[in-house]
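This report covers a metal site, a set of paired strands and the nonpolar cores of one protein model. Please look over the sequence and the coordinates before reading on.

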Amino acid sequence: MANRSVLARDQLTGKIVHISDVEEGYERAICDVCDSRLDAANYFRSTRKVAFYFRHRSGGEGCSSMTMLHEYAQQIVRDRGVIQLPDFEASVYPRNPKNNVEPLEFNRTGYLANLLNPSLEKNYPTMRKLIADVHGTEPEVGDLYVEIKVHNEVNEEKQAALRKAGLDVIQVDLRSLVDLPGLTKEQIQEAVVFSATREWISQRRFENDLLSLRQQMRELELQLTSERCSTRIVQEEKGLKKKDWRRKHSSELGLLEAYHDLENRRLAVNQFWKWCQDPQKPENTVYRKLTGRYGGVPPIVNIPVRGELAFKAHRTYWQTLIFEGVILKIYDDQMRKIAQQKHKNKRFYYGDEIAWLSDLPSIYPADIYKFLLRSGVPLTTLASAFEELSEEEPLAERYGSRPDSLRFVTVKEYAILPKPVPAIRRYLKALCQIGIVSASNDIFFIPFQSRPEVDQSVANYDELAREGLSEYGW
Ligand SMILES: [Zn+2]
């Protein structure tokens, strides 16, 4: 196909003209590439079906129809005196990538800028001589430069120089127009002024905003760094205190470590069992009474529970004390009271169960602990050492609720530490399973029932004993 260009250089004015700018049969058009004279194929405006164009009078095969687009676009910007500015986007990233901070985003939407006194081919105020395609002044903002990209773009070196000089420069990319035949003047104008791709290749106008964002990021990072430092200092101090505390209490921790050994636990519980048979020991009285009355130790006062080695006596001893000294005592007292009531006040007596329920004593594990201590049940060296460390605060079951003075004991250490109140609670819970007591949260009650008996059978004894036996690896 013959070279059909919509643009030509007007010999008369030296300007680039669009085919629609010239008269029918205009003869002063030449090709800017090969200097060939161009014929204006623009006759019969009203009836012509195909686009108008300039046609080489001779040759023109190698002439790009859009060589003149660059200069034509410059003319458009100058003559219209407006240009759509590109959107501007930038992200400010943390300087230290270790700082887990989201980048700060900066966005400015482009707008249609007015250009006062626009001129072409003006020198940039740069060290090296560089020339701007279009220069103008944007009211209240300042100098604005426009580069038109058709075949040549602003290279990195030029861009660096423009940035160094602190100039506002945009580049409009018209490459998409190059291969479109038959473009109308309006299409080219629209593309140049508004719609063609454009970008900021250098800017000064957003620098203050960016600077304050960078400052903001720096402050964020400083804050993070100082937080990290202070956290580290606190941790180091805590670490030192912990070390110190553990060194100071190495004997208590040593006891705990010894207790961790299953063999030691077995030795202890066997020793306590032997003491039951030793007439010199107080538990022997209890033991003899049981064996004398029932022919052996009944299972209900011999339920192994976790933490039972908090007591320096066989479980039979302290469990019998609880069973007889607390449970049966409460039961008997209660029955006596009811009998008195019944006797005194026959008219208002509504039956045993109602009388029982109307005055139900609560049983607390912590109170039972006090009762055992009053009854002379000793603690093992390990348990009493830790009780002393905890300054009278009871040893709670959960690590999170442990006394503050034991804060440097590890989770594992605290878990294995035998604790008196939790051991008592486990025994009461076992009695719950048997039906002797019932529980509501941490409060235990004796339900209305016939008198519990020390020698009553325990159907699920093996199950109840399992956790306690595992303390010895049995
Ligand atoms: Zn040509």
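Which residues are the protein donors of the zinc ion?

## Zinc site

The model is predicted. In it, the zinc ion has four protein donors: the SG atoms of Cys31, Cys34 and Cys63, and NE2 of His56. Their distances from the ion run from 2.1 to 2.3 Å. The angles subtended by the 4 donor atoms are 103 to 116°, and the arrangement is therefore tetrahedral, since four donors count as such if all angles lie between 85 and 135 degrees.

Along the chain the donor residues follow the spacing C-x2-C-x21-H-x6-C. Cys31 belongs to the loop between β4 (29-30) and β5 (37-41), while His56 is part of strand β6 (residues 53-56), so this pair ties together parts that are 25 residues apart in sequence. Cys31 counts as buried because its relative accessibility is 2%, and His56 counts as buried because its value is 11%.

## Strand pairing around β2

Strand β2 (residues 7-10) runs antiparallel to strand β3 (residues 16-18), and 3 bridges join the two. Within this pairing, Arg9 stands opposite Ile16 of β3. The hairpin formed by β2 and β3 has 5 residues between its strands, and Gly14 adopts a positive phi near 80° there.

Strand β2 also pairs with β4, again in an antiparallel manner, through 2 bridges. Here the residue of β4 opposite Arg9 is Ile30.

In soluble globular proteins, nonpolar side chains tend to be buried together. The largest nonpolar core in this model has 54 residues, of which Leu7, Phe54, Ile83, Leu174 and Ile188 touch the most other members. Helix α1 (residues 69-80) is the main contributor to this core, giving 5 residues. At least three residues of the core come from each of domain 1 (4-64) and domain 2 (78-209).

What is Leu174 in contact with, leaving aside its neighbours within four places in sequence? The contacts of Leu174 are Leu69, Ala73, Ile148, Lys149, Val150, Val192 and Ala196. Another core, of 46 residues, lies apart from the largest one; Ala313, Ile368, Val421 and Val454 are among its members.

Note on methods: Residues numbered from 1 in each chain as written. Predicted model: local features only at pLDDT ≥ 70, side-chain atom pairs only at ≥ 80, totals over all residues. Heavy atoms only, no water. Donors = N, O, S within 2.8 Å, 3.2 Å for Na, K, Ca; no water. Tetrahedral: all angles 85-135°; square planar, octahedral: opposite > 155°, others 65-115°. Helix = DSSP H or I, 4+ residues; strand = E, 2+ residues; numbered from the N terminus. Buried < 20%, exposed > 50% of the residue type's maximum accessible area, 1.4 Å probe, protein only. Core = buried A, V, L, I, M, F, W, Y, C linked by side-chain atoms within 4.5 Å. Domains from an automatic or database assignment. Contact = heavy atoms within 4.5 Å. Pairing = 2+ DSSP bridges.
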